[in-house]
Amino acid sequence: MTDAGLPVAAMTPAQVAAELRSGMTIGIGGFGSRRKPMALVRAIASSAVADLTVVSYGGPDVGLLIAAGKVRRLVTGFVTLDSIPLEPHFRLARQAGRITLTELDEGMLHWGLLAAAHRLPFLPMRAGLGSDVMRVNPQLRTVRSPYADGEEFAAVPALRLDVALVHMNRADLRGNGQYLGPDPYFDDLYCRAADKAYMSCERIVPTAELTAGGPLQSLLINRSMVCGVAETPGGAHFTSCAPDYGRDEEFQAEYAAAAADPERWQRFRATYLAGDEEAYQQAVAALRAGRAERAGSPA
Amino acid sequence: MTGGEPTLAEICVVACAEAWRGDGAILASPMGIIPMLGARLAQLTFEPALLVTDGEATVLAPADGPAADGGRVAEGWIPFREVFTLLAAGQRHIMMGASQLDQFGNQNISCIGDWARPKAQLIGVRGAPGNTVNHPVSYWVPRHSRRVFVDQVDMVSGVGYKRAAGLSPVITRSHELRRVITNLAVLDFAGPEHAMRLRSVHPGVSVSDVADATGFVLAAPLQVPQTRLPTPAELAIIRARLDPEGRRDQELA
């Protein structure tokens with residue numbers, strides 16, 4: 001309970017990051033370079049926490065946490081920037097043997113979250129069978145149907161999370177969250193699979209404004225799922241957060257180029273990641289102003 | 001804009017479209033520009049029941065919408081979670097890329113070298129393991145070479161025929177590697193024991209060109225036909241309606 005008697009706490013990204021402990025398993029919502037809770041990720045990257053196991057449909061969230069040395073194990077089916085297929089930090093870390101990987105089919109990851117959300121130890125699935133996912137994950141077991149078909153399945157273990165992080169377009173201070181883009185991704189499942197979930201959002205609005213701004217079924221996150229809300233305008237930047245903004249492709253290209261080159265990465269980090277979220281947003285605004293000036297000035 | 005001989009990209013678009021012929025009301029999931037144009041072309045011509053999305057969650061109807069909406073008409077909603085359900089139900093045919101592909105259709109998009117510490121980390125297995133054991137899968141390879149067509153893949157992401165044969169009857173019934181479309185040729189798995197077979201060569205490409213660019217022995221009929229050319233109606237749809245910006249040429253550059 002909070003000061004105002006509200007069911008969830010209004011928090012800053014730094015306060016959310018301070019809830020994490022080293023060695024925790026965290027799940028990050030969004031998908032690839034889409035609606036990632038980047039403000040929360042940036043706060044974790046600059047916190048003291050370490051040795052995290054990260055479960056994610058990976059995008060630059062994974063890249064930034066790897067670059068900050070926070071990731072011990074990654075559980076994923078892919079890491080991509082979408083418009084740029086490969087994530088440089090992930091590639092370099094894997095090629096240098098700096099992170100441990102649990103590589104699953106992306107449907108297996110969904111199934112693991114669903115099992116955790118339903119408090120089941122596993123769910124049966126055909127995905128994985130016959131592929132090298134079974135070879136590189138010797139901990140994976142199979143299970144036989146007890147019914148007449150007798151079919152053998154992969155027994156996808158529950159992916160229970162200590163903490164889930166998701167980003168919504170809108171939320172209220174009671175902990176209800178709304179997505180206004182084309183896809184909910186798996187953000188509700190991440191919250192349900194976690195002991196504690198924290199939601200950032202573009203804008204906190206009075207509860208009545210939620211259904212004024214979108215249909216009832218856009219209320220993906222309800223207040224039973226989360227224990228803290230952070231208002232972070234631009235909090236998914238540079239990933240897409242439709243309809244509030246699209247992916248910042250120019251910025252992402254700069255990120256990817258910097259990530260592939262240690263010297264450029266030091267400059268990128270000094271420019272954008274040395275301060276807090278407010279400093280990040282100011283640096284991005286300054287970059288935009290520079291772009292606009294260049295575009296507007298005579299050739 | 002609508003004149004001129006068909007280009008290689010346009011021939012590939014039509015070859016991709018052909019992969020979905022006869023599929024009916026299932027989800028076509030094209031990965032890449034040329035496969036996407038192929039799926040939309042199939043939907044607009046010989047396979048009108050096909051479900052095709054914009055690459056996100058919007059299902060596009062085979063109709064011309066108002067120019068203000070980019071000429072698109074939405075007819076449905078298939079977010080990622082629903083893609084997983086359609087996939088498990090077998091009601092999908094994806095055309096994926098392949099960093100490596102072997103003679104019996106094992107595909108790799110995960111990494112090159114030893115998985116434990118790869119020489120080159122790629123995107124990850126994505127949905128390839130689940131796709132291949134649940135529904136038809138085709139592959140699009142814009143640069144046919146011995147780097148892609150290998151004796152053995154480093155990390156089996158998509159499951160090939162020999163491996164699928166050892167799995168459950170439901171899987172062996174669902175498993176189908178339909179086509180491999182490349183910048184040189186169209187291939188399928190109608191060779192002995194489902195080995196990869198040369199189905200047709202694109203204009204100007206010889207059978208030995210394809211064999212030279214392939215790291216294993218390709219099955220082939222005595223007479224290898226030429227890949228069919230786009231009809232004038234197909235060319236008009238590709239050029240004027242689906243891709244007036246000419247994005248199809250980027251993938252073969």
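1. Chain B meets chain A through 33 of its residues, which are in contact with 34 residues of chain A; two residues are in contact if their C-beta atoms, placed from the backbone, lie within 7 Å. On the chain B side, the elements that give two or more residues are α3 (80-88), α4 (128-134), α5 (161-165) and α6 (169-174). By class, this side has 19 nonpolar, nine polar and five charged residues. Here Ala, Val, Leu, Ile, Met, Phe, Trp, Tyr, Cys and Pro count as nonpolar, Asp, Glu, Lys and Arg as charged, and the others, Gly among them, as polar.

2. This is a predicted model, in which local features need pLDDT of at least 70 and side-chain atom pairs count only at pLDDT 80 or more, while totals for chains, interfaces and linings use all residues. Residues are numbered from 1 along each chain as its sequence is written, and chains are lettered from A and ligands numbered from 1 in the order in which they are written.

3. The secondary structure of chain B comprises eight helices and 13 strands; helices (H or I, at least four residues) and strands (E, at least two) are DSSP runs, numbered from the N terminus. The radius of gyration of chain B is 18 Å, close to the 18 Å that the globule rule gives for 253 residues, so chain B is as compact as a globular protein of that length. That radius is taken over C-alpha atoms, and the rule is 2.2 Å times the number of residues to the power 0.38. The C-alpha trace of chain B spans about 50 × 45 × 35 Å along its principal axes.

4. Of the 253 residues in chain B, 51% are buried. A residue is buried if 20 or more other C-beta atoms, placed from the backbone, lie within 10 Å of its own, exposed if 12 or fewer, and partly exposed in between. Among contacts in chain B between residues at least 6 apart in sequence, 65% join residues at least 24 apart.

5. Strand β5 (residues 92-96) of chain B is mostly covered, with five of its five residues buried. Arg92(B), Ile94(B) and Met96(B) point one way from β5(B), whereas His93(B) and Met95(B) point the other way. In a regular strand the side chains alternate between the two faces of the sheet. Strand β1 (residues 27-30) of chain B runs parallel to β5(B) and is joined to it by four bridges, with Leu27(B) partnered by Arg92(B). Strand β10 (residues 136-141) of chain B also pairs with β5(B) in the parallel sense, over three bridges, and Met95(B) stands opposite Ser138(B) there. Two strands pair if DSSP finds at least two bridges between them.

6. Ala57(B) lies in the loop between β2 (51-53) and β3 (58-60) of chain B. Ala57(B) counts as buried because it has 20 C-beta neighbours inside 10 Å. Leaving aside neighbours within four places in sequence, Ala57(B) is in contact with Pro182(A) and Asp183(A), as well as with Trp77(B), Ile78(B) and Pro79(B). Ala57(B) and Phe80(B), 23 residues apart in sequence, are 7.1 Å apart in space, C-alpha to C-alpha.

7. Chain A is divided into domain 1 (9-107 + 159-250) and domain 2 (122-157), with bounds from an automatic or database domain assignment. The C-alpha centres of the two domains of chain A lie 29 Å apart. Five residues of domain 1 of chain A are in contact with six residues of domain 2 of chain A.
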